[in-house]
Amino acid sequence: MRDSKIVAFVLFCFFLIPSMALAGVARPTTISLWYPEGDIAVGTAAFADKTLFAEFEAKNNVKIQLVGMDYDTMIQKIFAAAAGKNIGDILLVDTSWVPGFLREEMLEPVADATAKAWLAASSPEVKTLSDYGKGRMWGYPQFGIEVYGLTWNKDHFKEVGLDPEKPPTTWDEFREYAKKLTKRDAQGNITRVGYAIRHVGHPHGIVHKHWWALYGAGATLVDNPQALRGGKTMFNNPAGKAALQLVLDMLDKDKSTSLNFPDPRAAFLKGIASMQISETVSIKARQPKEAPDLKWGMTLPPVPKAGDKPVTLMGAWMFVVPKQAKNKDLAWKALAWLNSPEKDYELAKKYDASPLYKVNWDKEPIKSNAYDQGLKKLYPYGNSYPLNLGFNGVMDALGAAIQKVWHHEASVDAALAEAERLGNQAIADAAK
């Protein structure tokens with residue numbers, strides 16, 4: 001009897017299961033989504049949720065495979081994968097990388113009708129980051145738009161006699177505050193910096209963290225940020241030199257910052273830095289777990305002198321679809337689902353992040369969230385990356401120059417002159 005049951009089961013597997021497949025019960029199609037691992041992009045925390053795409057997968061007979069990558073090498077891996085024709089279906093990339101991908105004609109554009117509807121419904125900062133000229137879109141920004149701001153430790157301010165509710169607003173104040181906030185041990189070694197800087201790593205990241213000083217002083221990366229081709233760099237000038245000199249003076253004269261400290265966000269959360277300037281969303285997301293007792297504030301970065309207009313960087317991680325994606329239609333369908341008004345609200349609410357759609361800003365708890373409403377005060381002063389196809393080369397050159405200056409490997413004049421030469425060459429090459 002037992003043997004006959006075994007035989008029956010084998011026959012079931014041999015005949016019935018294949019017949020089910022033939023009847024239309026197909027195996028799920030796998031879509032791969034490549035993203036940066038770690039805390040470099042706060043929104044990737046959503047990918048830890050195994051149910052994130054469950055509804056879409058069930059309705060479309062799809063399996064979304066999440067592939068995490070190191071930020072510092074991700075862009076090189078994407079280019080290598082494109083050359084080998086083995087690239088992911090969806091990529092979550094830094095928007096500063098997009099011009100380089102466009103130069104190599106690697107990306108699929110968003111359908112015109114879809115782009116038009118998105119730009120009409122999205123909030124002003126999202127529209128700025130999405131529109132690559134005349135309504136052309138190359139992907140969707142992720143929820144939680146990044147705007148760079150000065151964050152400060154209120155307890156540290158109190159400790160040294162500074163008003164914890166009044167951060168520095170000018171470069172002179174910034175330097176004075178940083179000097180007061182710096183702590184040293186008995187041997188004179190710095191144990192807490194007044195201002196933490198990013199001085200190693202990917203060149204783009206170096207520029208991101210110093211954008212506020214460059215643009216605040218009046219320098220720009222390229223002369224026409226809306227032009228895809230042509231133009232020239234505009235940072236090897238008094239404004240660009242002043243921006244680099246500011247931090248160099250804080251290193252060498254004030255000794256209120258140091259090259260021996262970690263990433264500024266990590267240093268701030270560890271309590272070994274009193275001020276830092278980076279993506280405020282990163283501090284907001286990490287602080288509850290890494291520094292639950294930290295009392296901190298955020299505001300616009302300081303300006304060169306009283307009366308100057310603050311300038312900061314506004315960016316986002318962007319979902320894009322490569323031309324070589326094996327499942328382009330399903331990839332776009334997945335992104336349309338993920339970036340629907342309903343899903344945007346659900347994710348913004350769940351991860352306490354700024355939404356993408358105008359309508360969702362007026363819903364609770366976003367409407368009453370002090371941090372989200374604080375972001376709205378910073379967004380109008382944010383500018384986005386230039387569209388120039390040579391932008392990657394410009395960022396690589398300038399980021400390397402900044403590191404050389406701060407590590408005392410080149411003078412400000414020599415480093416910026418070399419960056420200007422390499423950046424203009426990148427712009428010229430991209431225009432061919």
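Helices here are DSSP runs of H or I with at least four residues, and strands are runs of E with at least two; both are numbered from the N terminus. The model is predicted, and for this reason local features need pLDDT of at least 70 and side-chain atom pairs count only at pLDDT 80 or more, while totals for chains, interfaces and linings use all residues. Residues are numbered from 1 along each chain as its sequence is written, and side-chain values use heavy atoms, with hydrogens and water left out.

**View 1. Tyr 379 in the loop between H16 and strand S12 (382-383).** Tyr 379 has a relative accessible area of 6% and is buried (buried is under 20% relative accessible area, exposed is over 50% and partly exposed is in between, with a 1.4 Å probe and protein chains only). Leaving aside neighbours within four places in sequence, Tyr 379 is in contact with Glu 125, Ile 145, Val 147, Met 314, Ser 354 and Trp 361; contact means heavy atoms within 4.5 Å. Lys 358 is 21 residues from Tyr 379 in sequence, and their C-alpha atoms are 14 Å apart in space.

**View 2. The ring pair of Phe 56 and Trp 337.** Rings of Phe, Tyr and Trp (its six-membered ring) pair if their centres lie within 6.5 Å; planes under 30 degrees apart count as stacked, over 60 as edge-to-face and the rest as tilted. The model has 21 aromatic pairs by this rule. In the pair of Phe 56 and Trp 337, the ring centres are 5.7 Å apart and the planes are at 40 degrees, so the pair is tilted. Phe 56 belongs to helix H2 (residues 54-60) and Trp 337 to helix H13 (residues 328-338), so the pair ties together parts that are 281 residues apart in sequence. Phe 56 counts as buried at 3% relative accessibility, and Trp 337 counts as buried at 16%.

**View 3. A ring cluster and two charges over rings.** Ring pairs join Trp 118, Tyr 140, Trp 332 and Tyr 357 into a cluster. A charge sits over a ring if NZ of Lys or CZ of Arg is within 6 Å of the ring centre and within 35 degrees of the ring normal. Arg 136 has its charged end over the ring of Trp 138, 5.4 Å from the ring centre. Over the face of Tyr 371 lies Lys 284, at 5.4 Å from the ring centre.

**View 4. Helix H12 (residues 280-290) and the elements around its buried residues.** In H12, the buried residues are Thr 280, Val 281, Ser 282, Ile 283, Lys 284, Arg 286 and Gln 287. These residues pack against strands S5 (146-153), S8 (273-279) and S9 (296-299), and against helices H11 (264-270) and H16 (370-378).

**View 5. Helix H17 (residues 391-406) packed with helix H18 (residues 412-431).** Their axes are 8 Å apart, at an angle of about 170 degrees. Axes are lines fitted to C-alpha atoms, for helices over the stretch in contact, and angles run from 0 to 180 degrees between N-to-C directions. H17 and H18 are therefore roughly antiparallel to each other (under 35 degrees counts as roughly parallel, over 145 as roughly antiparallel, 65 to 115 as roughly perpendicular and the rest as oblique). Residues of H17 in the contact include Val 394, Leu 398 and Val 405, and those of H18 include Leu 416, Leu 422 and Ile 427. By class, the contact of H17 with H18 has 12 nonpolar, two polar and no charged residues. Ala, Val, Leu, Ile, Met, Phe, Trp, Tyr, Cys and Pro count as nonpolar, Asp, Glu, Lys and Arg as charged, and the others, Gly among them, as polar.

**View 6. Helix H9 (residues 203-217) packed with H17.** The angle between H9 and H17 is about 80 degrees, and the axes are 8 Å apart. H9 is therefore roughly perpendicular to H17. Among the residues that make the contact are His 204, His 208 and Leu 214 of H9, and Met 395, Asp 396 and Trp 406 of H17. By class, the contact of H9 with H17 has nine nonpolar, six polar and one charged residues.

**View 7. Backbone details at Lys 134, Asp 352 and Pro 365.** Lys 134 is not a glycine, yet has a positive phi of about 60 degrees. Lys 134 is in the loop between helix H6 (124-130) and strand S4 (140-141), and counts as exposed at 91% relative accessibility. Asp 352, also a residue other than glycine, has a positive phi near 50 degrees. Asp 352 is in the loop between helix H14 (341-350) and H15, and counts as partly exposed at 29% relative accessibility. The peptide bond from Glu 364 to Pro 365 is cis, with omega near 5 degrees, and Pro 365 is in the loop between helix H15 (358-361) and H16.
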